[in-house]
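Hi everyone, thanks for coming. Let me put the structure up on the screen, and then we can walk through a few spots together.

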Amino acid sequence: MWRNREWQLFLIVLMTISVLILGAATFFLTTEALIYILAAEVLLITAFLLFTRWRYREIEKLTHYMRKISSESIAYDIRDNYEGELSILKNEIYKVTRKLSDQSAYLQKNKQELTDAISDISHQLKTPLTSMMVMSDLLNDSNLDDKKRSEFTRSMTVQLERIEWLVSSLLKLSKIDAGTIHFKKETVNAEDVIRQATQPLLIPMDVKNQTFELTGEDKANFIGDAKWTAEALVNILKNCVEHTAEGGHIKASCSENALFTEIVINDNGRGIPKEDLPYIFKRFYKGKNAGDDSIGIGLAMAYSIIKRQNGSITVTSELNQGTTFHIKLYKQIL
């Protein structure tokens, strides 16, 4: 405190004023009055010095607190319940540091998620790339017969298509999570979207001799993006097709009420184990019943698309009984 230049100047001015007052008082007041004035000044200056020293100590504590924050990135609680400028300053500093601490934790979490995502992507790409490298070496063999050459070529095409789908899906999912995709807000008929979503899956259903049934209200509508909603439903229906045996049945229905429009998709497939249900919408998660070709990104994309359109998606399932997806698209609040 004593080394503070501002404090030194203030103390010099204070002492100068006190000396001038005492000098003037010696000409107009008695000795007894002068003693009382001198004692009062000493007491006031002492009280002021003690109070100022206390404030400097509090400011020093705040300085120490800020240093700890800058080195540890932890928001220590320095708030108190008193009135006054210092108390207000403490509370405001705590709010700011708490916010910065939360942002730091959030960024650290995102960094870890990015690291995990890169690791998962590398793992997903490694298998087909390794397979294609092996087949490429075999194709260079001049003694390879035409049948094997044709088989390897088809297999490489399948692997390339898988890589293309993975990269395309990841780009879509990244854009959705980053909020760079603009979802339209238009009136969409639920049945039309379901029919649109089933088109790419008609051949796989036919190959597995599966039946598809669409029921519900013809006039069930919602406010959203038809293209992206169909993208979400394709991924859900694709999951149903893959996990339903030959000759199985897949059903979709839609309904509307005052609060939301609901789309329900269910199958009579092998179901999802109870321990997997909380995680099936997580990126790259593969449950116990997942196929060898499963990547674990389709349902994550469907979840992100529905959530971005003011909706929710839940799933219920019983082993060997089937799985049911409930998609609710809530009315827009004006």
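**Salt bridges and a helix pair**

Let's start with Arg195, which is partly exposed, its relative accessible area being 42%. Before I go on, please keep in mind that this is a predicted model.

What does the side chain of Arg195 meet in a salt bridge? Its partner is Glu191, with an N to O distance of 3.2 Å. Both sit in helix H5, residues 190–198, and because they are four residues apart there, about one helical turn separates them. Glu191, at 8% relative accessibility, counts as buried, while Arg195, as I said, is partly exposed. Asp192 joins in as well: Glu191, Asp192 and Arg195 are linked in a network of salt bridges.

How many salt bridges does the structure hold? There are six, and I'd like to show you two further examples.

In helix H7, residues 226–242, Lys238 and Glu242 are four residues apart, so they too are separated by about one helical turn. Their closest N and O atoms are 2.7 Å apart, and the two form a salt bridge. Lys238 is partly exposed at 31% relative accessibility, and Glu242 is partly exposed at 40%.

The other example is the salt bridge between Lys331 and Glu256, where the closest N and O atoms lie 2.4 Å apart. This pair links distant parts of the chain, 75 residues apart: Glu256 belongs to strand S4, residues 249–256, and Lys331 to the segment after strand S7 (322–330). Lys331 has a relative accessible area of 28%, which makes it partly exposed, and Glu256 is partly exposed with 30%.

Now over to the helices. Look at H4, residues 146–178, and H8, residues 298–308: their axes come within 10 Å and cross at roughly 25 degrees. With that angle, H4 is roughly parallel to H8. The crossing in which H4 passes H8 is left-handed.

Which residues meet there? From H4 we have Trp165, Ser169, Lys172, Leu173, Ile176 and Asp177, and from H8 they meet Gly298, Ala300, Met301, Ser304, Ile305 and Arg308. Sorted by class, this contact of H4 with H8 has six nonpolar, three polar and three charged residues.

One last stop, in the loop between strand S5 (260–267) and H8, where you'll find Tyr285. Tyr285 is partly exposed, at a relative accessible area of 27%. Its C-alpha atom is separated by 7.6 Å from that of Ile297, 12 residues away along the chain.

That's my tour, and I'm happy to take questions!

Definitions and conventions:
Residues are numbered from 1 along each chain as its sequence is written. This is a predicted model: local features need pLDDT of at least 70, side-chain atom pairs count only at pLDDT 80 or more; totals for chains, interfaces and linings use all residues. Side-chain values use heavy atoms; hydrogens and water are left out. Axes are lines fitted to C-alpha atoms, for helices over the stretch in contact, and angles run from 0 to 180 degrees between N-to-C directions. Helices (H or I, at least four residues) and strands (E, at least two) are DSSP runs, numbered from the N terminus. Angles under 35 degrees count as roughly parallel, over 145 as roughly antiparallel, 65 to 115 as roughly perpendicular and the rest as oblique. A crossing is left-handed if the near helix is turned anticlockwise from the far one by less than a right angle, and right-handed if clockwise. Contact means heavy atoms within 4.5 Å. Ala, Val, Leu, Ile, Met, Phe, Trp, Tyr, Cys and Pro count as nonpolar, Asp, Glu, Lys and Arg as charged, and the others, Gly among them, as polar. Buried means under 20% relative accessible area, exposed over 50%, partly exposed in between (1.4 Å probe, protein chains only). A salt bridge is a side-chain nitrogen of Lys or Arg within 4 Å of a carboxyl oxygen of Asp or Glu.
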